[in-house]
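These are my notebook entries on a structure that I had not examined before. I record what I looked up, item by item.

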Amino acid sequence: MDKFVTRYRKRSAVEADECKTEEPFKKYKEECEVEEEFSQPIPWKKIEAEGLDCDYSLLFDKEEADHLFNQLEEEVEYFTGDKAKLQVYGRSYSVPRKQATYGDEGLMYSFSGVHLMAKPWTSTLERIRDAVTRATGHTFNFVLINRYNDGHDHIGEHRDDERELDPACPIASVSLGAARDFIFRHKDARTGSSKRQIEPVKLELAHGSLLLMNYPTNTYWYHSLPVRKKVKMPRINLTFRRIVKNRQKTGFKIE
Ligand SMILES: O=C(O)CCC(=O)C(=O)O
């Protein structure tokens with residue numbers, strides 16, 4: 001595993017310290033107290049590089065993560081047939097994994113030529129979403145689910161930089177099932193002949209983990225989940241997002 005810069009902190013403890021501000025900042029202090037109610041103290045690992053800002057933690061212990069994985073296997077309805085295809089430069093490709101989208105009513109997320117409508121939240125998805133909110137203080141109205149049957153299933157390099165995503169809200173990525181490598185590559189260093197040499201940042205996303213991709217990570221860095229033929233077990237990844245309603249694209253909808 002390549003090295004990356006890490007800093008451990010307890011998010012809520014740090015926020016509590018920041019709340020010990022003097023009288024002129026009373027309003028700020030009150031806001032911090034509200035924030036604290038949302039926070040669940042988990043130890044965060046900071047992952048930083050030029051233009052990359054992420055936080056990583058284990059959100060669920062093995063027993064809970066196993067339970068959530070099994071519940072999702074029963075509840076989630078993935079897109080099939082034409083709905084499981086991407087458009088790249090006018091050509092249609094099968095997605096090398098399964099995908100589903102859930103969220104608040106009327107929300108739609110568009111990428112790679114497809115427009116995916118949110119199905120209503122299931123109870124398990126609400127439970128995971130609310131755990132992420134307690135841990136981060138952020139609220140989310142949409143989740144993209146990717147299911148990888150084994151190490152052949154993968155996702156290619158891309159950025160989650162669609163204009164309908166609220167940049168003030170991190171993308172919160174929850175992983176359940178097989179641990180998989182996850183690679184960030186800077187946009188100016190993606191090929192051997194690139195003008196800059198910036199090392200990729202590589203992590204392993206564990207069962208029950210939470211990775212927060214904070215602004216401006218998705219402006220400068222592509223990410224991917226490469227093929228790993230030795231991985232024989234399935235994995236489910238949930239990326240919780242906040243979509244700004246009036247910035248959604250209109251067009252062909254997949255429901
Ligand atoms: O499965 C993963 O960890 C990555 C998913 C991803 O890149 C995405 O949802 O944009």
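Is Arg 235 buried or exposed? I noted first that the model is a predicted one. I then counted the C-beta neighbours of Arg 235 inside 10 Å and found 23, so this residue counts as buried. The cut-off I applied is 20 or more other C-beta atoms within 10 Å.

**Entry: Arg 235 and its surroundings**

I located Arg 235 in strand S16, which runs over residues 235-241. Setting aside neighbours within four places in sequence, I found Arg 235 in contact with Tyr 148, Ser 175, Leu 176, Gly 177, Ala 178 and Arg 180. I also consulted UniProt, where an unreviewed entry lists Arg 235 under "binding site", together with Asn 146, Tyr 148, His 158, Asp 161, His 223, Thr 239 and Arg 241.

**Entry: His 158**

From that UniProt list I took up His 158 next. I placed His 158 in strand S10, residues 155-158. Its C-beta atom has 12 others within 10 Å, and His 158 is therefore exposed.

**Entry: the shell around the ligand**

Which residues are found around the ligand? I listed Leu 144, Asn 146, Ile 155, Asp 160, Ser 173, Phe 182, Leu 205, His 223, Leu 225, Asn 237 and Thr 239. Sorted by class, I counted five nonpolar, five polar and one charged residues in this shell. I then asked which strands each supply at least two residues of the shell. They are S9 (142-148), S15 (221-225) and S16 (235-241).

Tyr 109 has 23 C-beta neighbours inside 10 Å and so counts as buried. Ser 110 has 18 other C-beta atoms within 10 Å and is therefore partly exposed. Beyond four places in sequence, I recorded contacts of Tyr 109 with Thr 101, Leu 116, Phe 142, Leu 144, Glu 164 and Ile 243. Of these, Leu 144 is also one of the residues around the ligand.

**Entry: helix H3**

I checked the length of helix H3, which has 14 residues (62-75). At 1.5 Å a residue, H3 should span 20 Å, and its end C-alpha atoms are 20 Å apart, so the two values agree.

Which residues of H3 are buried? I found Ala 65, Leu 68 and Leu 72. They cover an arc of only 65° around the axis, and therefore lie on the same side of H3. I noted that these buried residues pack against helix H4 (123-136), strand S11 (171-177) and S16. On the face turned away from the buried side, I found the exposed residues Lys 62, Glu 63, Asn 70 and Glu 74.

**Entry: Asp 55**

Finally I looked up Asp 55, which is placed in strand S3, residues 52-58. With 22 C-beta neighbours inside 10 Å, Asp 55 counts as buried. Leaving out neighbours within four places in sequence, I found Asp 55 in contact with Trp 44, Lys 46 and Leu 212. I also noted the pair Asp 55 and Leu 211: 156 residues separate them along the chain, while their C-alpha atoms are 5.8 Å apart.

Notes:
Residues numbered from 1 in each chain as written. Predicted model: local features only at pLDDT ≥ 70, side-chain atom pairs only at ≥ 80, totals over all residues. Near = placed C-beta within 6 Å. Helix = DSSP H or I, 4+ residues; strand = E, 2+ residues; numbered from the N terminus. Nonpolar A, V, L, I, M, F, W, Y, C, P; charged D, E, K, R; others polar. Expected span 1.5 Å × (residues − 1). Arc of directions from axis to C-beta. Contact = placed C-beta atoms within 7 Å. UniProt positions renumbered as here; feature names shortened; annotations may be inferred.
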